[in-house]
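Please read these notes with the sequence and the model open beside them. They are numbered so that each can be checked in turn.

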Amino acid sequence: MKAVLCKNYGLPDTLAFSEVSIPTLADSEVLIQVKAVGINFPDVLIIQNKYQFKPPLPFSRGRGCWNYSRSWKKCKSPKGWRFSHRIMWLGWPCRICKCKSFAGIYSASRTKFHRGSGTLYTYGTSYHALKDRAQIKLGETLLVLGAGGGVGLAAVQLGKIMGATIIAGASSHDKLEVCKKMGAHHLINYSTEDLRTRIKEITAERGVDVVYDPVGGSLAEQALRSMAWKGRYLVVGFASGNIPSFPANLPLLKGASIVGVFWGSFAEREPEKSAQNFSQLTTWIKEGKINQHIHKIYSLEQAPQALQDLMDRKITGKAIVQIAS
Ligand SMILES: NC(=O)c1ccc[n+]([C@@H]2O[C@H](COP(=O)([O-])OP(=O)(O)OC[C@H]3O[C@@H](n4cnc5c(N)ncnc54)[C@H](OP(=O)(O)O)[C@@H]3O)[C@@H](O)[C@H]2O)c1
């Protein structure tokens, strides 16, 4: 079968389109054919050896939904599964065989392959952030930075479902238009508008209750200075490549909290709570309440281009790599 392998660390154009053998199975295992997978920001970090997890070379990524390279994965057979069982799957810990390379499997009989791939990763992160870490309440104001990105758009849609007023911040008109369609009440183009001034205008000087920040960099301190009393600032990621530092008087003056979000570690340390979250998310997916925005579907050969487009901030929502039709 074909695979896109990282044989040496580097930029997406160094990935190798290769032939690899289909894994052999023990009696209790099943083979899972990967039809489509979502591209996520850590993919571009891992291939450059810039991520906290460093798999041995060569690798094709094996953490569930990010695996855009192998067309088959193996796992212990869940009871009662048929040959044609349709599933969504993602990072660890595997609920079935506890293997580290392949993980949570969720039945998804009516979910389209493209819609299903990557959904649990982005919505899993943002649901954990808003529900467990921010404990967001009905009627609160939520500012989402990088709102047109994968986890950002998920936070917009989930925040709306959870009853918050959503302020979406992004760098382009097109990204903000998608945020609006996904439920954002207010839009800020932070490449042309001053973030603090606009937040003051929108909230009538009150500030925002929750900041969801997957970007970091220079926007972070501006957002922290724009918080309401007892606000919660969610540290989700650093897509800008810059980890911000904050003066300690800022949370003091606002009675605010800076709250870390590490969804993968949460899933590992608190599997029951994580399973409850997935149960809620899969219900919302089946009910059509959450629906990932797909920017473009790439072929397996185009996977390096998909990664490059993500690095170049060209993707709104999710880039999908289709492996089999
Ligand atoms: N803490 C956790 O558990 C967890 C879980 C999942 C992901 N993450 C992290 O969250 C971050 C976002 O992940 P994602 O999959 O949503 O990525 P994504 O789809 O690429 O979205 C990131 C957004 O960041 C903005 N951005 C600003 N500067 C950028 C730059 N130099 N390069 C790329 N994007 C830039 C872009 O929006 P604009 O162009 O509109 O500014 C982009 O849409 C990553 O750092 C990822 O590692 C954390």
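1. What is the order of the strands in the open sheet of three strands? The order is β4-β15-β14, and the pairing is mixed. Strands count as paired if DSSP finds at least two bridges between them. From one strand to the next the twist averages 25 degrees. The axes behind such angles are lines fitted to C-alpha atoms, and angles run from 0 to 180 degrees between N-to-C directions.

2. Two remarks on the basis of these notes. Residue numbers start from 1 along each chain, as its sequence is written. The model is predicted, and for that reason local features need pLDDT of at least 70 and side-chain atom pairs count only at pLDDT 80 or more, while totals for chains, interfaces and linings use all residues.

3. The protein has eleven helices and 15 strands. Helices (H or I, at least four residues) and strands (E, at least two) are DSSP runs, numbered from the N terminus. Of the 325 residues in the protein, 45% are buried. A residue is buried if 20 or more other C-beta atoms lie within 10 Å of its own, exposed if 12 or fewer, and partly exposed in between, with C-beta atoms placed from the backbone. Among contacts between residues at least 6 apart in sequence, 65% join residues at least 24 apart. A contact needs the two C-beta atoms, placed from the backbone, to lie within 7 Å.

4. Back to the sheet of point 1. Strand β4 runs antiparallel to β15 (residues 318-322), and three bridges join the two. A36 has Q322 in β15 as its bridge partner.

5. Another open sheet has six strands in the order β10-β9-β8-β11-β12-β13, with parallel pairing. Its edge strands are β10 (186-189) and β13 (257-260), each of which pairs on one side only. Neighbouring strands here are turned against each other by 20 degrees on average, direction ignored. Within this sheet, β8 (residues 141-144) and β11 (residues 208-213) pair in the parallel sense over three bridges. V144 is placed opposite Y212 in β11.

6. The ligand has 28 residues around it, and F41, G146, G149, G150 and G237 come nearest. A residue is near a molecule if its C-beta atom, placed from the backbone, lies within 6 Å of it. Two or more residues of this shell come from each of α1 (41-46), α4 (150-161) and α9 (263-269). The most come from α4, which gives three.

7. By class, the shell around the ligand has 14 nonpolar, twelve polar and two charged residues. Ala, Val, Leu, Ile, Met, Phe, Trp, Tyr, Cys and Pro count as nonpolar, Asp, Glu, Lys and Arg as charged, and the others, Gly among them, as polar.

8. Why does the ligand lie between domain 1 and domain 2? Because domain 1 (2-118 + 292-322) and domain 2 (122-264) both give residues to the shell around the ligand. The domain bounds come from an automatic or database domain assignment.

9. Two residues other than glycine have a positive phi. For E205, in the loop between α6 (195-203) and β11, phi is near 75 degrees. E205 counts as exposed because it has 9 C-beta neighbours inside 10 Å. K230, in strand β12 (residues 227-235), has a phi of about 60 degrees. K230 is also exposed, with 10 other C-beta atoms within 10 Å.
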